Amino acid sequence: MRFSFTPEQDEFRTSLRRALESRSPTKEVRRLMASEQGFDREGWTKLNQEMGLSAVHIPEAYGGAGFGYGELGIVLEEMGRSLLCAPYFSTAVLATTAILNAGTEAEKKALLPKIAAGDVTATLAFSGDSGLNDAASVAMMATPSGGGYKLDGTKSFVLDGHTADLIVVLARKPGSKGEEGLSFFIVDGKAAGLDRRLLKTMDETRKLARLTFKGVEARLLGSEGKAAAPFAKTMQQIIVCLANEMVGGAERLREDALAYVQMRMQFGRALSSFQTMKHKAADMLVDVELAKSAAYYAAAALDESDPEVPMLASLAKASASEAYLQTAIHAVQMHGGIGFTWDNDTHLWFKRAKSSEVLFGDANQHRETMMQNWGAGA
């Protein structure tokens, strides 16, 4: 396993950062987060045409670039750094990984090329109103109907669920419970009987929706009743990807806070010269670098099919959750009174840190999962 990025990966990061800095300044972030859609469709199409980001980790056989989670992690880290308002995580991470893990060869060839080209946005709907992320909590029912299925129930906290062209839904056979009888289904975003409602959230840069299904027509994805294992694998990949996105945001906060205290003068001295500021800057650096190491290692473990991925994925998410939020707290404090204002951009990353902390499980939950999987791959 490699413990550093290749020159090609470093060059990819540099060019991507330059592109995102021009496309996603905080002025544009504020404009898009205030809109109901949360992104610009034309800008999304252009981004994929020019850089092919949705295709990064889709195999070449399905119209993708064929890179691994290391490269996908770089993309997500830079997007977390710039707070890009786009349905990238929902499309390229949530839906794509579920299709890759559960779909048949024919289904992958039918669905993934359009996602890779940026022509279709997608998402994965698995949590109910409880917000739980485990297979046993799935309550939505899938009833056979003619040659397909009908879905009834609700899904909540669905990333970009109000705008997705295609929705991958996790549902269960009537009468089943636990991990039995679970299947993935494909639903058109404009299907009859589907009601999509945007939720009010603290972090407006990441849109969440509540979806209500009333006899909605759906197509089976993969094997009927065999979705438990692909779903578990998908969740592990998702939290590693989220950890990489989070360390990008944490690094941006650290850099901005340090730049501010170096520039701001008080009592004839730069704020950075005061001991308390030095302590905060040092704590932030340690926290962010440790979280980066965990996130990078987990992404490399996915590419290597390491048997310890279940443990490493939870380690990365727990580490990134705490590092991001603590860095955000330090950043606000280092900015002083202005750090609490709407005009200052720090709150944008602070809210993303808080929402990402609990998304797909908080640090406490993932520490418990990590200990349960300790030594499982030995």
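This is a predicted model: local features need pLDDT of at least 70, side-chain atom pairs count only at pLDDT 80 or more; totals for chains, interfaces and linings use all residues.

Biologist: How much space lies in the largest pocket?

Modeller: About 990 Å³.

Biologist: And how many residues line the largest pocket?

Modeller: The lining has 42 residues. Nearest the centre lie Asn133, Met235, Phe360, Gly361 and Gln365.

Biologist: Which elements give two or more residues to that lining?

Modeller: They are strand 1 (122-125), strand 3 (148-159), helix 7 (228-263), helix 9 (309-335), helix 10 (346-358) and helix 11 (363-372).

Biologist: Which of them gives the most?

Modeller: Helix 7, with six residues.

Biologist: How do the lining residues divide into nonpolar, polar and charged?

Modeller: In the lining of the largest pocket, 22 are nonpolar, 15 are polar and five are charged.

Biologist: New topic. Why is strand 4 largely enclosed by the rest of the structure?

Modeller: Strand 4 covers residues 166-172, and seven of the seven are buried, so the rest of the structure largely encloses it. Buried means under 20% relative accessible area.

Biologist: Which residues sit on each side of strand 4?

Modeller: One side has Leu166, Val168, Leu170 and Arg172. The other has Ile167, Val169 and Ala171. Both faces are covered.

Biologist: Is the pairing of strand 4 with strand 1 parallel or antiparallel?

Modeller: Parallel, over four bridges. Ile167 in strand 4 stands opposite Thr123.

Biologist: And over how many bridges does strand 4 pair with strand 5?

Modeller: Seven, and that pairing with strand 5 (residues 182-188) is antiparallel. Leu166 has Asp188 in strand 5 as its bridge partner.

Key: Residues are numbered from 1 along each chain as its sequence is written. Side-chain values use heavy atoms; hydrogens and water are left out. On a 1 Å grid over the protein atoms alone, a cavity is a set of points where a 1.4 Å probe fits but cannot get out, and a pocket is an open set with protein on both sides within 12 Å along at least five of seven lines; lining residues have an atom within 4 Å of a point. Grid points are joined across faces, edges and corners, and a volume is the space filled by probe spheres set on the points. Ala, Val, Leu, Ile, Met, Phe, Trp, Tyr, Cys and Pro count as nonpolar, Asp, Glu, Lys and Arg as charged, and the others, Gly among them, as polar. Buried means under 20% relative accessible area, exposed over 50%, partly exposed in between (1.4 Å probe, protein chains only). Two strands pair if DSSP finds at least two bridges between them.
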